[in-house]
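I opened my notebook to look up a few residues one by one and to write down what I found about each.

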Amino acid sequence: MATSPKILKKFKLFVDGKGYLGIADEITLPKVTVKTREITSGFQAPIELDVGQLEKMEGTITLLEYSSDVLKLMGGWGGDTKPLVARGAIQAQGQAPVPVKVTLSGFFKEMDMGNWKDGEEAKLTMQYAVQKYKLEIGADVIYDIDLANDVRIVNGVDQMALLRTAIGA
C-alpha cells in the first residue's frame with residue numbers, strides 16, 4: 001500500500017528564546033550545498049569534486065508584525081543571545097506526527113519592513129547568515145554543521161574530521 005507524503009503541519013519559531021507561533025509567517029531554511037570544482041582534463045565528461053567547503057548558508061524569516069525584540073537583534077543573535085530555533089511537525093495521513101527541529105546560530109544581516117498599507121499586516125522580513133546549523137527529524141540528527149570549528153556532521157559522520165587531523169587542527 002502506498003503511503004502519503006508527510007506534510008508540514010504547524011511550525012513555531014523561537015528567536016532569542018521567545019516564541020512566535022502565529023506571528024512567524026514563513027521561514028526559508030538555509031540550503032546546504034557542497035562547494036565543488038569541475039574537472040574536465042582527460043575525462044569524457046566533466047566531473048565535480050568536493051573541495052572541502054560548503055557554500056554560504058543563509059535564509060529568510062517573515063513575521064506578520066514589527067517585533068521590536070527581533071529588530072534589536074540586527075547584526076547578531078549569536079553570542080549572548082539564544083540560538084534561533086524552528087520547530088515543526090511533519091505527518092503522513094493516518095500516522096503519528098514526527099517532530100522536526102532546526103537550530104541556527106549566526107546573525108541577521110537585513111531587516112526589511114516592506115511597504116505600509118492601511119489594514120494589512122506590518123510584515124517584517126529578515127535575512128540571516130548561518131554559522132551553525134543543526135537539523136533533527138524525529139530522533140535522527142541529520143546535519144550538525146559548525147562553520148567556525150570546521151565541523152560537518154552528516155548522518156553521524158564528521159566529513160571534515162580527517163582533513164582537520166591532516167592539518168593538525
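I am working with a predicted model, in which local features need pLDDT of at least 70 and side-chain atom pairs count only at pLDDT 80 or more, while totals for chains, interfaces and linings use all residues. Residues are numbered from 1 along each chain as its sequence is written, and side-chain values use heavy atoms, with hydrogens and water left out.

Entry one, T62. I found T62 in strand 6, residues 58-63 (strands are DSSP runs of E, at least two residues, numbered from the N terminus). T62 counts as buried because its relative accessibility is 11% (buried means under 20% relative accessible area, exposed over 50%, partly exposed in between, with a 1.4 Å probe and protein chains only). Leaving aside neighbours within four places in sequence, I listed its contacts (heavy atoms within 4.5 Å), among them I23, D25, K123 and T125.

I located R152 in strand 11, residues 151-154, and at 5% relative accessibility R152 counts as buried. Beyond its neighbours within four places in sequence, R152 is in contact with residues including V34, D50, D144 and M160. For D50 I also noted a polar contact between its side chain and that of R152, at 3.3 Å (a pair of N or O atoms within 3.5 Å; within protein, one must be able to donate a hydrogen and the other to accept it, and residues adjacent in sequence count only if both atoms are side-chain atoms).

I found L49 in strand 5, residues 47-54, and at 41% relative accessibility L49 counts as partly exposed.

How values were computed
Helices (H or I, at least four residues) and strands (E, at least two) are DSSP runs, numbered from the N terminus.
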